[in-house]
Amino acid sequence: MNKEDIAYCGLDCELCKNKFADIRQKIRILEESFEQVNIKEMIKAIPFMKFKYRGYKKLIAFFSEECPGCRDMGGNPFCGIRKCAIKRDYFTCAECNDLCNKFDSLFKIHVDNEIQTNIKLIKENGIDTIVKMKS
Ligand code: SF4
Ligand code: SF4
């Protein structure tokens, strides 16, 4: 693993990319299945589905693109955590005393405590240790 793969919030971009690669593969299968039932024509015949189809296409487009990683401006383009850490010239939020309330919504998504665990490891042992551990 590369040091640059650790996001400002402490997430492991490599791990995230692998999860997304899995989603992308499943999306391709789903799209193929929809093509087989001619979903485009089906939607024309069932007007109430139009709106849902647009939402579906947006979702597919989001998950189909490969994320370049947090430090190359992947992920949430409006992320306040990244913005704040860059402004403070921090490599990660582990340099702050405590994780602020900008993390509240992230904790709801990452329920496996990956963020807390990684931030704690970086605080206690430094960034290079976590890079070695994950390599
Ligand atoms: S964009 Fe924000 S939430 Fe996403 S990995 Fe980067 S710092 Fe974390
Ligand atoms: S205040 Fe600290 S913990 Fe919160 S986003 Fe900024 S650097 Fe990270």
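Which residue just after H6 takes a positive phi? Gly 126 does, with a phi of about 95°.

## Model and conventions

This is a predicted model, in which local features need pLDDT of at least 70, side-chain atom pairs count only at pLDDT 80 or more, and totals for chains, interfaces and linings use all residues. Residues are numbered from 1 along each chain as its sequence is written, while chains are lettered from A and ligands numbered from 1 in the order in which they are written.

Helices (H or I, at least four residues) are DSSP runs numbered from the N terminus, as are strands (E, at least two). A residue counts as buried if 20 or more other C-beta atoms lie within 10 Å of its own, as exposed if 12 or fewer do, and as partly exposed in between, with C-beta atoms placed from the backbone.

## Helix H1 and the residue after it

Helix H1 covers residues 13–36, 24 residues in total. From its first C-alpha to its last it reaches 34 Å, close to the 34 Å expected at 1.5 Å a residue; the expected span of a helix is 1.5 Å times one less than its number of residues. Of the 24 residues of H1, the number buried is 1, so the helix lies largely in the open.

Asn 38 follows H1 and lies in the loop between H1 and helix H2 (39–45). Its phi is near 55°, a positive value in a residue other than glycine. Asn 38 is exposed, with 11 other C-beta atoms within 10 Å.

The buried residues of H4 (80–87) include Ile 81, Arg 82 and Ala 85. Seen down the axis of H4, its buried residues fall within an arc of 95°, so they line one face of the helix; the arc is that of the directions from the helix axis to the C-beta atoms. The face turned away from the buried side carries the exposed residues Lys 83 and Lys 87.

H4 is followed by Asp 89, which lies in the loop between H4 and helix H5 (104–109). Asp 89 has a positive phi near 60° and is a residue other than glycine. With 7 other C-beta atoms within 10 Å, Asp 89 is exposed.

At 1.5 Å a residue, the 12 residues of H6 should span 16 Å, and its end C-alpha atoms are 16 Å apart, which agrees. Ile 115, Asn 118, Ile 119 and Ile 122 are the buried residues of H6. Seen down the helix axis, they fall within an arc of 100°, so they line one face of H6. These buried residues pack against H5 and H7, where contact requires C-beta atoms, placed from the backbone, within 7 Å. On the other side of H6, Thr 117, Glu 124 and Asn 125 are exposed.

A nonpolar core is a set of buried Ala, Val, Leu, Ile, Met, Phe, Trp, Tyr and Cys residues joined through C-beta atoms within 7 Å. The largest such core has 15 residues, of which Ala 7, Tyr 8, Cys 9, Leu 11, Ile 81, Cys 93 and Ile 119 touch the most other members. H4 and helix H6 (114–125) each supply at least two residues of this core, and the largest share, 3 residues, comes from H6. Not counting residues up to four places away in sequence, Ile 119 touches Gly 10, Cys 93, Ala 94 and Leu 99.

## Surroundings of the two ligands

A residue is taken as near a ligand if its C-beta atom, placed from the backbone, lies within 6 Å of it. Around ligand 1 are Ala 7, Tyr 8, Cys 9, Leu 11, Cys 70, Gly 75, Asn 76, Cys 79, Ile 81, Arg 82 and Leu 106. This shell divides into 8 nonpolar, 2 polar and 1 charged. For these classes, Ala, Val, Leu, Ile, Met, Phe, Trp, Tyr, Cys and Pro count as nonpolar, Asp, Glu, Lys and Arg as charged, and the others, Gly among them, as polar.

The residues around ligand 2 are Ile 81, Cys 84, Ala 85, Arg 88, Tyr 90, Cys 93, Cys 96, Leu 99, Cys 100 and Lys 102. By class, the shell of ligand 2 has 8 nonpolar, no polar and 2 charged residues.

## Helix H7

Met 133 is found in helix H7 (residues 127–134) and counts as exposed, with 11 C-beta neighbours inside 10 Å. The C-alpha atoms of Met 133 and Met 1 are separated by 8.8 Å, although the two are 132 residues apart along the chain.

Lys 134, also found in H7, is partly exposed, with 15 other C-beta atoms within 10 Å. Lys 134 touches Met 1 and Asp 12, not counting residues up to four places away in sequence.

Conventions:
Contact = placed C-beta atoms within 7 Å.
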